[in-house]
Amino acid sequence: MGKLDGKVALITGGNSGIGLAAARLFMEEGARIVLAARGEERGREAAESLVRTGGQAIFAPCDLRRSADCQRLVELAIETYGRLDILFNNAGVIHIDRSVVTTSEEEWDETMDVNVKGIFLMSRAAIPWMRKNQGGAIVNTASIFGLVGGSGAAAYCASKGAVILLTKAMALDHAGEKIRVNCVCPGSVDTPMLQGEMDTLGGVEKMRASFAARHPLNRIATPDEIARAVLYLASDDSSFVTGIALPVDGGRSAW
Ligand SMILES: NC(=O)c1ccc[n+]([C@@H]2O[C@H](COP(=O)([O-])OP(=O)(O)OC[C@H]3O[C@@H](n4cnc5c(N)ncnc54)[C@H](OP(=O)(O)O)[C@@H]3O)[C@@H](O)[C@H]2O)c1
């Protein structure tokens with residue numbers, strides 16, 4: 001018996017990194033999956049790899065900055081599977097090595113639009129369908145950089161701080177409808193996003209040890225380690241948990 005048997009989960013940023021790891025885990029636990037992101041080739045390959053292991057998964061291209069794309073994604077989940085139980089708002093972007101002085105307006109807008117407004121648009125589209133099921137679970141990906149500041153990531157920190165309070169506000173608004181809303185706050189995780197950051201800051205080989213040393217456990221997380229925390233928040237294992245920002249950060253926020 002899987003923890004998500006009979007459930008339908010929509011995962012943004014599902015073609016890569018943490019989103020894809022969560023999709024694999026959710027599927028192992030019995031969920032049917034909609035993966036969403038812009039990159040179609042990676043998305044279709046990801047969905048095919050899930051289907052090959054025996055589950056049900058589809059990929060839907062979308063740009064979370066577009067309201068119509070978000071609406072369409074939810075409609076697709078309903079047309080395909082007839083219901084929506086879990087929304088994992090995970091897609092995100094970062095422009096690293098930027099203070100407010102060196103951040104362009106385009107970079108600021110993209111960061112806020114994908115990381116924050118995307119959650120608003122997706123949740124607004126999904127919640128009416130969760131109400132029909134008498135409940136649901138929304139998990140948002142924030143970051144350790146929503147709990148504490150980080151240098152060279154001004155817009156990103158602002159966006160992830162907003163994700164945490166948006167999570168709490170949504171949790172309060174929808175608790176009466178049995179829709180739980182929580183977020184995870186990962187430390188550094190070995191994904192294409194982090195590799196891009198390390199590239200920008202001096203190269204993956206050079207930066208890996210210094211990124212690891214920022215965590216008391218002295219290493220970078222695997223995407224699966226974050227996915228397991230997301231599964232906890234998405235499943236009935238956390239049935240009395242709503243409105244939390246769960247650090248999954250190797251102890252970093254304990255400093
Ligand atoms: N890796 C870390 O160290 C770390 C730490 C803390 C928090 N996080 C957060 O974890 C989440 C997942 O990131 P990741 O580390 O797994 O990196 P990743 O592998 O680069 O994943 C980012 C995902 O977001 C999608 N995306 C970006 N812009 C989008 C848009 N406009 N519309 C739709 N999808 C979009 C990307 O797909 P396309 O480019 O194909 O659209 C990709 O699937 C992000 O919210 C990130 O901020 C990561």
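The ligand is surrounded by 30 residues, the closest being G13, G17, R38, G39 and G92. A residue counts as near if its C-beta atom, placed from the backbone, lies within 6 Å of the molecule. Helices α1 (17–28) and α6 (192–201) are the elements that give two or more residues to this shell. The shell divides into 13 nonpolar, 13 polar and 4 charged residues. Here Ala, Val, Leu, Ile, Met, Phe, Trp, Tyr, Cys and Pro count as nonpolar, Asp, Glu, Lys and Arg as charged, and the others, Gly among them, as polar.

This is a predicted model: local features need pLDDT of at least 70, side-chain atom pairs count only at pLDDT 80 or more, and totals for chains, interfaces and linings use all residues. Residues are numbered from 1 along each chain as its sequence is written.

Domain 1 (8–186 + 223–245) and domain 2 (188–220) both give residues to the shell, so the ligand lies between them. The domain bounds come from an automatic or database assignment.

An open sheet holds 7 strands in the order β3-β2-β1-β4-β5-β6-β7, with parallel pairing. Strands pair if DSSP finds at least two bridges between them. β3 (57–61) and β7 (245–248) each have a single partner strand, so one side of each is left without a neighbour in the sheet. Strands β5 (136–141) and β6 (179–186) are joined by 6 bridges. G136 has I179 as its bridge partner in β6.

| Helix | Strands | Angle |
|---|---|---|
| α2 (40–52) | lies across β2 (32–37) and β3 | about 170° to β3 |
| α4 (105–132) | touches β1 (8–12), β4 (86–89), β5 and β6 | about 180° to β4 |

Angles run from 0 to 180 degrees between N-to-C directions, with axes fitted to C-alpha atoms, for helices over the stretch in contact. Helices (H or I, at least four residues) and strands (E, at least two) are DSSP runs, numbered from the N terminus.

Key
Contact = placed C-beta atoms within 7 Å.
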